[in-house]
Amino acid sequence: MIDVARIDHWAASGSGPFHRASTAAKLLFLFFVVSAAVLSRNPYPLIAGYGVLLAVAAAAGLPWFRVMGLSWYAALFAILYAISFRGGTWLAALFIVKAITPSFAMLMLIVSTPYPKIFALFSAVLPEILAAGLFMTYRTLFILLDMMDSFAAAIRMRGGFSPGSLYKNSANISKGIGMLMVRAVERASRLYAVMVVRGYNGSMAEKGAVHFQRQDWLPLGAGTVVLMLVIVWK
Amino acid sequence: MTHMHIPDGILPVGVWLLGLMIMAFAVGFSLYRLRGMDMMKKIPLLGAVSAVMLVAMSLEILPLAYHINLSVVAGILLGPALGFLAAFIANLMLALMGHGGITVIGLNTLLLGSEAILGHTLFYVFKKRIPVFWSAAIATVLTLIMTTLALIGIVAASHIDPELVSHGGEHGLHQGGRVSVQTFAIMIVSLGSIGWIIEAAITGAVVKFIFQVKPDLLAHALHREKDGR
């Protein structure tokens, strides 16, 4: 399960140099690393780039070990894809580092930047319904995760979970998801009504103006190093 | 089929760029279809359904490495245009959680969005003839078969990319390796078919539950009120 709540906690509670950098700089950092992965035809520069990112994450006080573990999730489908190519270990290695390097960069962005800051930047370019939809999704997600935890506890306590019965478990889980859906719509409608009463008119309070600052040297520098490694080391 | 877990840098540039362009067009068309809507009702609905999709996607069925995605439920509840936007939001959020690549957001949205559109259409065709549970379940299976074929098509298209072959670097991406879309298709269909049944059963039960508890969500009352569609 994606630990959204933990990621949100890391993003909101940290105060290292990566946290202090601007969102625009970190998005540019991500763009450089994704470009490096797209351009790379050789696994070695990307392996070196992954090492650079690990070092930067550790130096910046990010939860680098957990981030590293999460980034390897991206390798699962890359391995499946590599098997379909039948290209041997070299190709498999290339696909795996192409998968985990941008994934690590993305995780560095999200564990150091609260989602509302990212959405604020998006809201400058996205239509209102999408920007508002993103924010509502994010807000409702945390309410649902809490409800899901309560539902899981309730279903166990009332004997609704039977390890041997797939049919019974599926039926109960389906009803749980149905209940979650109905309550999510009700909660989201109420939340949106409250926001409108308090003056929400479709735009974020914090506008995502692009501005760079002195602390941006770390993400911009790290992204440039990874990209240059791929361009120079062919 | 659920969204692709193909990370950045694996698919050829032409394939994902085309995906992003078609997605941008489809999002624009969906927004055009939703003009003049009642924002007070649709934005919370969009947020709620997208969030439930994300919660469902985060629950992995471990032995299969499969997760349900509820895209057909989204299509049934939101309609094709809003369902497509929910697919876009869910994919963008997933990418922001490091689950799936940034460059494949276009292709993933097209796959998930087409599930919402197809699921919606098929469900309302079947609903006139058979009970709600079976309408949703059959619509889900048919939709997932079609989108799985689309996924295999995307992978096949990515395998024959000439740029990838000619600029494969010193070792060459294809050097010494034999391309096998067939292997990929066999793996995806054999694992996916179990997932289709699970997804169909859960979708059928969820839609039946909503039909019994809050039928106005299925009746599309929220969509018709202002749009007149």
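Predicted model: local features only at pLDDT ≥ 70, side-chain atom pairs only at ≥ 80, totals over all residues.
Trainee: How many helices and strands does chain A have?

Mentor: From the N terminus on, the elements of chain A run α-α-α-α-α-α-α-α-α-α-α. The totals for chain A are 11 helices and 0 strands.

Trainee: What distance separates the centres of domain 1 and domain 2 of chain A?

Mentor: Domain 1 of chain A covers residues 4–117 together with 210–232, and domain 2 covers 126–197. The C-alpha trace of the chain spans about 60 × 50 × 30 Å along its principal axes. Taken over C-alpha atoms, the centres of the two domains are separated by 31 Å.

Trainee: What percentage of the 229 residues in chain B do buried residues make up?

Mentor: A residue counts as buried if 20 or more other C-beta atoms lie within 10 Å of its own. In chain A, buried residues make up 43% of 234 residues. In chain B, the buried share of the 229 residues is 55%.

Trainee: Among contacts in chain A between residues at least 6 apart in sequence, what percentage join residues at least 24 apart?

Mentor: For chain B, residues 24 or more positions apart account for 77% of the contacts with a separation of 6 or more. For chain A, among contacts between residues at least 6 apart, the share joining residues at least 24 apart is 82%.

Trainee: Are H3(A) and H11(A) roughly parallel or oblique to each other?

Mentor: Helix H3 of chain A holds residues 23–39 and helix H11 of chain A holds residues 217–232; their axes come within 8 Å and cross at roughly 10 degrees. Angles under 35 degrees count as roughly parallel. H3(A) and H11(A) are therefore roughly parallel.

Trainee: How do the residues of the contact of H3(A) with H11(A) divide, and how many are nonpolar?

Mentor: Residues of H3(A) in the contact include A:Phe29, A:Phe32 and A:Val33, and those of H11(A) include A:Leu220, A:Val226 and A:Leu227. The contact has 3 polar residues and 1 charged residue, and its nonpolar residues number 13.

Trainee: Is A:Thr224 buried or partly exposed?

Mentor: A:Thr224 lies in helix H11 of chain A. The C-alpha atoms of A:Thr224 and A:Val33 are separated by 8.0 Å, although the two residues are 191 residues apart along the chain. Because 14 other C-beta atoms lie within 10 Å, A:Thr224 is partly exposed.

Trainee: How many residues of the contact of H1(B) with H5(B) are charged?

Mentor: On the side of H1(B), the contact is made by residues including B:Trp16, B:Gly19 and B:Met23, and on the side of H5(B) by residues including B:Gly106, B:Leu110 and B:Gly113. The residues divide into 7 nonpolar and 4 polar, and the number charged is none.

Trainee: How many residues of the contact of H1(B) with H4(B) are charged?

Mentor: H1(B) and helix H4 (residues 80–96) of chain B pack at an angle of about 135 degrees, with their axes 8 Å apart. That angle makes H1(B) oblique to H4(B). The contact is made by B:Ala26, B:Val27, B:Ser30 and B:Arg33 of H1(B) and B:Ala81, B:Phe84, B:Leu85 and B:Phe88 of H4(B). Its residues divide into 6 nonpolar and 1 polar, and the charged ones number 1.

Trainee: Is B:Leu70 buried or exposed?

Mentor: B:Leu70 lies in the loop between strand S2 (66–67) and helix H3 (71–78) of chain B. Its phi is near 60 degrees, a positive value in a residue other than glycine. Because it has 31 C-beta neighbours inside 10 Å, B:Leu70 counts as buried.

Methods
Residues numbered from 1 in each chain as written. Chains lettered and ligands numbered in written order. Contact = placed C-beta atoms within 7 Å. Helix = DSSP H or I, 4+ residues; strand = E, 2+ residues; numbered from the N terminus. Nonpolar A, V, L, I, M, F, W, Y, C, P; charged D, E, K, R; others polar. Axes fitted to C-alpha atoms, helices over the stretch in contact; angles between N-to-C directions. Parallel < 35°, antiparallel > 145°, perpendicular 65-115°, else oblique. Domains from an automatic or database assignment. Buried ≥ 20, exposed ≤ 12 C-beta atoms within 10 Å, placed from the backbone.
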